[in-house]
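Subject: Structure handover and notes

Hi,

Here is the structure I promised to pass on to you. Have a look at it in your viewer first, and then read on for my notes.

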Amino acid sequence: MIWEKYILPREASELKADLVWSPHPTVSYIPNIHHIMTVHDVIYWRLPEYIPNWRVRLYVKLLKYAITKANKVITISKFSAQEIESVFGISSKNIPIITPASPRFNTNKINPITNGKYLFYEGGLDIRKNVPKLIEAFSLIADKYPKLKLYIAGNYFKSPIIPNLPELIKQYNLQDKVQLLGYISDEDMTSYIKYAEVLVYPSLYEGFGIPILEGFGLGTPVITSNIGAMSEIGGEAVIQVNPVSAQSIAKGIGSLLNDELLKQSIIHKGKTRLKQFDWDKSALELELILNRQKD
């Protein structure tokens, strides 16, 4: 907070910067220099459980002030633009949308690192990611698919905003079928996604949802939430489910496991939709905005 609020503005002033671009929200208020800020989401204002103490409350208060004082706010989805307008009063019509794109995977030497059929989840374990509901959904179909497993990537540790996943797995008696992988390398992540039967991403709140594009890029069918940015990014190239309903998630998983034609159709649609998200295009859009503000 000290670096963002005091050191960054001082450095920018001493360097006589034409403009400053913050690729994520900061508490920096930089008078007399054009300041462009990318705001990915408004999680702090929508999910108060992410503000655990007075330090974070102070930071969030300063953050809101800085965002409203920035000369230009950029975001990453139409959903986030609407959320920013709702929280900060900045018209979504004046918020450029520059989307992320899928990582450029190296698939030349990719091999399966596990045997058997499995569902895969990645994208964090905190409460908005909705992993407990995914485990509950899996419990509804586990007996029907006795050889199917659920692999969950992410560094698990005890925290007020991370559910007790080991206890939940034990509660559903899924110790032999659900595995917490912990942190895995990019190379292993690529392998787990590519060879999964389904990538399941039932998040409750996102500004975008990169795992959706990762599934598209690696030819894995994606199930995701029918709300917010997930619905926007996935479109018709995913199976959309109600993230608060374990039955809906389970039904979505079953629809792909039981229908090979549907599965291949979703994979094809995902590869086609991925072409709409391109890093070169996004970089050019950002360059145009930076040059326009500088002039």
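Predicted model: local features only at pLDDT ≥ 70, side-chain atom pairs only at ≥ 80, totals over all residues.

Residues are numbered from 1 along each chain as its sequence is written, and side-chain values use heavy atoms, with hydrogens and water left out.

**The six-stranded sheet**

Helices (H or I, at least four residues) and strands (E, at least two) are DSSP runs, numbered from the N terminus. Two strands pair if DSSP finds at least two bridges between them. Six strands form an open sheet in the order β6-β5-β4-β7-β8-β9, and their pairing is parallel. At the edges sit β6 (178–182) and β9 (239–241), each of which pairs on one side only. On average, neighbouring strands of this sheet are turned by 25° against each other, direction ignored. For this and the other angles, axes are lines fitted to C-alpha atoms (for helices over the stretch in contact), and angles run from 0 to 180 degrees between N-to-C directions.

Within the sheet, β4 (residues 118–121) pairs with β7 in the parallel sense over two bridges, and L119 has V198 in β7 as its bridge partner. Helix α7 lies across β4, β5 and β6 and runs at about 130° to β4.

Not counting residues up to four places away in sequence, F120 touches a list of residues including Y151, L181, M189, Y192 and V198. The C-alpha atoms of F120 and T220 are 9.9 Å apart, although the two residues are separated by 100 residues along the chain.

**Strands β1, β2 and β3**

Strand β1 (residues 19–22) runs parallel to β2, and four bridges join them. W21 has I36 in β2 as its bridge partner. β2 also pairs with β3 (residues 72–74), again in the parallel sense, over three bridges, and there I36 stands opposite K72. Four of the five residues of β2 (residues 34–38) are buried, so this strand is largely enclosed by the rest of the structure.

**Helices α10 and α11**

The axes of α10 (residues 246–258) and α11 (residues 260–274) come within 5 Å and cross at roughly 105°. That makes α10 roughly perpendicular to α11, on a scale where angles under 35 degrees count as roughly parallel, over 145 as roughly antiparallel, 65 to 115 as roughly perpendicular and the rest as oblique. At the contact, S255, L256 and N258 in α10 meet E260, L262, K263 and I266 in α11.

**Salt bridges**

How many salt bridges does a search of the whole structure find? There are seven, a salt bridge being a side-chain nitrogen of Lys or Arg within 4 Å of a carboxyl oxygen of Asp or Glu.

One of them joins the side chains of E83 and R46, at 2.9 Å from N to O. This pair links distant parts of the chain, with E83 in helix α4 (residues 78–88) and R46 in helix α2 (residues 43–46), 37 residues apart. E83 is buried at 12% relative accessible area, whereas R46 is partly exposed at 35%.

Another is E197 with K263, whose closest N and O atoms are 2.9 Å apart. E197 is in the loop between α7 (186–194) and β7 (198–201), while K263 is in helix α11, 66 residues apart. Both residues, E197 and K263, are buried. Leaving aside neighbours within four places in sequence, K263 is in contact with E197, P221 and L256.

D126 and R128 also form a salt bridge, with closest N and O atoms 3.3 Å apart, and both D126 and R128 are buried. Salt bridges that share partners join D126, R128, K129 and E206 into one network.

Best wishes

Terms used: Contact = heavy atoms within 4.5 Å. Buried < 20%, exposed > 50% of the residue type's maximum accessible area, 1.4 Å probe, protein only.
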